[in-house]
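Please read them with the model open.

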Amino acid sequence: MAPSSQPRRAAVIGGNRIPFARANGTYAKAFNQDMLTAALDGLVARFGLAGESLGEVAAGAVLKHSRDFNLTRESVLGSSLAATTPAYDVQQACGTGLEATVLVANKVALRQVDSAVAGGADTASDAPIAVSEGLRETLLALNRARTAGQRAKALARIRPAHLVPDVPRNVEPRTGLSMGEHMAQTAARWAVSRLAQDELAAASHRNLAAAYERGFFDDLVTPFAGLSRDENLRPDSSVEKLARLKPVFGKGEGATMTAGNSTPLTDGASVVLLSSDEWAAERGLPVLAYVVDAQTAAVDYVTGQEGLLMAPAYALPRLLERHGMKLQDFELVEIHEAFASTVLCTLAAWESEDFCRTRLGLEAPIGELDRSRLNVNGSSLAAGHPFAATGGRIVASLAKMLHEKGTGARGLISICAAGGQGVMAILEAA
Amino acid sequence: MAGAYARLVNSPVGTRLAGQLGLPRPVPLRRYAVGEPLVHGAVLLGGPEPAVLGARVGELLAREGVVVVGEVAEAVGGRVAAVVADLGAVERPGDLDVLRAVVAPALSSLQPSGRVVVLGRSPGQAREVAQAAARRALEGITRSIGKELRSGATANLVLVDDGAEGNLDATVRFLLSGRSAYVDGQVVRVGTGTPVQPDDWTRPLSGKVAVVTGAARGIGAAIARVLARDGATVVCVDLPEAGDSLAGTANVVGGTALQLDVTAADAGRRILDHARRRHGGLDIVVHNAGITRDRLLANLDDSRWRSVLEVNLGSILRMNEVLLGDDGIRDGGHLVLVSSIAGIAGNRGQVNYAASKAGVIGVVDALSVDERLRARGITVNAVAPGFIETEMTAKVPFATREAGRLLNSLNQGGLPVDVAETIAWLSQDANAGVTGNVVRVCGQSLLGA
């Protein structure tokens, strides 16, 4: 291999997102493409990229209309980037944004591109609604019909029940259980307390509000549609207030998961700019961090062998082994707060000698994480979680936080995803 | 800009009515577009010998291929685009009569949006009282001509210091061109300095890095656009809350967006770091960010008082400590502040705003004579907009708005681009002789005149 084709470091230059809005809130009428385009334009403005042709843009959406088959490319065409910037869609449920980041980082590392944007958008407000399967079959038959008789026959098959639309639901197709119900099972298994969940949720709101107050998001967020801060953020949230909410997932006495310690449905978009060192230096752009490595894992939740959102627990030991690191070596850890209990179950699993031995095949438990390093500027419980946009939010924020810590500081990102998957990545401050 | 009155008097019936009644009739002003000539016709150049300044202008016009005539009759069609009168040689009031002889016959032959530019010498440098009186008289003459002119024509006076004859070009170019559309009845003082003429007069700011605060909307966005059009790389600054509009401005001008509150303690440092890191330095600073919180003095609460003074004046003083520091704006750079006609004339319900905008003029006065800045060749000037058509003035009650539009010699409101063009001119290296000026962009408003 010639020296010039040696892999190189992929730098995180910065990011941009629009504030996240509660579903059916401020962005109720916004399309994914509007939001992704706005996020891109904010990024372009921040880094002076108007008219530039980037290596590529990779982004996606989880809830996607059929008209959005080329969502990312259409967003690029609507943005201030040069029309010669290629783009493609990526989709891995809630892991979309981080997986897209890993993808483009690898392309930068392999010298296939010098610059790239990764990101995602999602709207739970403008969800695609499909016609029922029966009506769809009828309409397709109608489309195939060649004679008036065939058309009449096809139309005659329509039944009132066919007219009920098929609205996407947050359920696992193979179990019929919602994500929250799945999580409630795992939370019960790990005996995660209501108080611990509410404490985590309150901390998320408190930390996010404090970060806004000190201007941390001044170069990470661009307002959209009149919103300049995350709509779900409750700066005055407290354990006492959260304790008053009724459980919404799980059953009976053991039900601990409420609307307050679960992430609400959210609309929003985020993007991250990555490049080679040279590309950044040519433009006088600061490098915040580098993408060190990434690991994806999946678990068998269908048989009930493992909890739906526990895959990140399995990804970590592989990453640690590759880098000869301990969990405690990370100065900052970002665990996506799908639910407060997701974070707490993951941490509990890593602390459990039994889990680490029997499930992860480790001789000793991964151990405890210093909670002062966890989600220090808030996470999804406060910001909200537009599925595909969460990865970009976390990568950009963590890169900036690590940069503030100083060269060499490492941070870990953990994002669970539907389908029993998990994506993890390590960033290191430049 | 067409207000209700302008639409009326320019309608078929209104035109006849306005003519019969002698009502003012606003016309669309000639505004600059890239590639436009300085003027669209001949320029009448005159004045008593030795017309040193006039000769200089004659050379400039010749280079631009403009036809120069000594009498209206020499011009094609008997119409002239501009009159340039060099009265630099006046010794006593009696000499002023020459101006009457040169300019008067030309006024009725001026094209729409024509120009009268009077050149004179600084009264402060006069050798005798009679000479000072004569020199100062030019101001009264020019301003009165401005009020007599119709159809978008303007009259401005340029006073040139001894030894600054060579520094005249950028100012004369500006005043003759469509860039000065809404600048009327103004006196520009040209002093010594070391102007650097651009290679290309259509890109006089080429290679320069400019910062514009309050760039998200209105006048600030127009400033960013004009500076970029003239060749500058523009750092667009505004509040994080205005970030979406700011991104729009930055992407249109191919610059960068910097979301920050100018009142933050570290605002100057962050602006400077951004300009140096991203663009290699800083040449032009436009302090445009400003707010209004109007109340009659009796009802003016603490928060309204403080916030206006803090945003419009305090932040400028604080940012300047860094921006004008030794590692700040580069030698030969330019600082332009945005004052207001309210800072000159005062305005009912705007005690706080007027205080801040008058204070801005104080900043210009002090900095323009600062020895350190003068040694570094840094110019400091202000523009004082009058009634400019913006989202803000669109919300002014109808009668007040129409009055604001009409109470000036051009009988119309100005556009944000008019303010921006004036700022771009004050940002030129070619204009290094102009410092300490407060140029009103007000169509010769009656307020504070």
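**Notes on the predicted model**

1. Overall size of chain B. A compact globule of 449 residues would have a radius of gyration near 22 Å, and chain B agrees because its own value is 22 Å. This is a predicted model. The C-alpha trace of chain B spans about 60 × 55 × 45 Å along its principal axes. Of its 449 residues, 57% count as buried. Chain B holds 16 helices and 13 strands.

2. Strand E10 of chain B. This strand covers residues 284-287. Ile284(B) and Val286(B) point one way, Val285(B) and His287(B) the other way, and all are buried. E10(B) pairs with strand E7 (residues 209-213) of chain B in the parallel sense, over three bridges. There, Ile284(B) is the bridge partner of Ala210(B). E10(B) also runs parallel to strand E11 (residues 334-338) of chain B, joined by four bridges. Leu335(B) in E11(B) stands opposite Val285(B).

3. Crossover. E10(B), helix H10 (residues 302-323) of chain B and E11(B) make a β-α-β unit. The unit is right-handed.

4. Second largest pocket. Its volume is about 1,000 Å³. It is lined by 39 residues, and the closest to its centre are Gly215(A), Asp218(A), Asp219(A), Lys400(A) and Arg270(B). Chain A elements that give two or more residues to the lining are strand E1 (10-17), helix H1 (32-47), helix H7 (194-213) and helix H14 (390-405). H9(B) gives the largest share, six residues. By class, the lining has 16 nonpolar, eight polar and 15 charged residues.

5. Backbone points to check. Most residues other than glycine have a negative phi, and most peptide bonds are trans. A cis peptide bond joins Glu49(B) and Pro50(B), with omega about -5 degrees. Pro50(B) lies in the loop between strand E1 (43-46) and helix H3 (52-63) of chain B.

6. Positive phi, buried or exposed? Asn24(A) is not a glycine, yet has a positive phi of about 60 degrees. Asn24(A) is in the loop between strand E2 (21-22) and H1 of chain A. Its relative accessible area is 60%, so Asn24(A) is exposed. Gln444(B) also has a positive phi, near 60 degrees. Gln444(B) is found in the segment after strand E13 (438-441) of chain B. Its relative accessibility is 4%, so Gln444(B) counts as buried.

Notes
Residues numbered from 1 in each chain as written. Chains lettered and ligands numbered in written order. Predicted model: local features only at pLDDT ≥ 70, side-chain atom pairs only at ≥ 80, totals over all residues. Heavy atoms only, no water. 1 Å grid on protein atoms, 1.4 Å probe; cavity = no way out; pocket = protein on both sides within 12 Å on 5 of 7 lines; lining within 4 Å. Points joined across faces, edges and corners; volume = space filled by probe spheres on them. Nonpolar A, V, L, I, M, F, W, Y, C, P; charged D, E, K, R; others polar. Buried < 20%, exposed > 50% of the residue type's maximum accessible area, 1.4 Å probe, protein only. Pairing = 2+ DSSP bridges. Right-handed = clockwise from strand over helix to strand, strands pointing away. Rg over C-alpha atoms; globule rule 2.2 N^0.38 Å.
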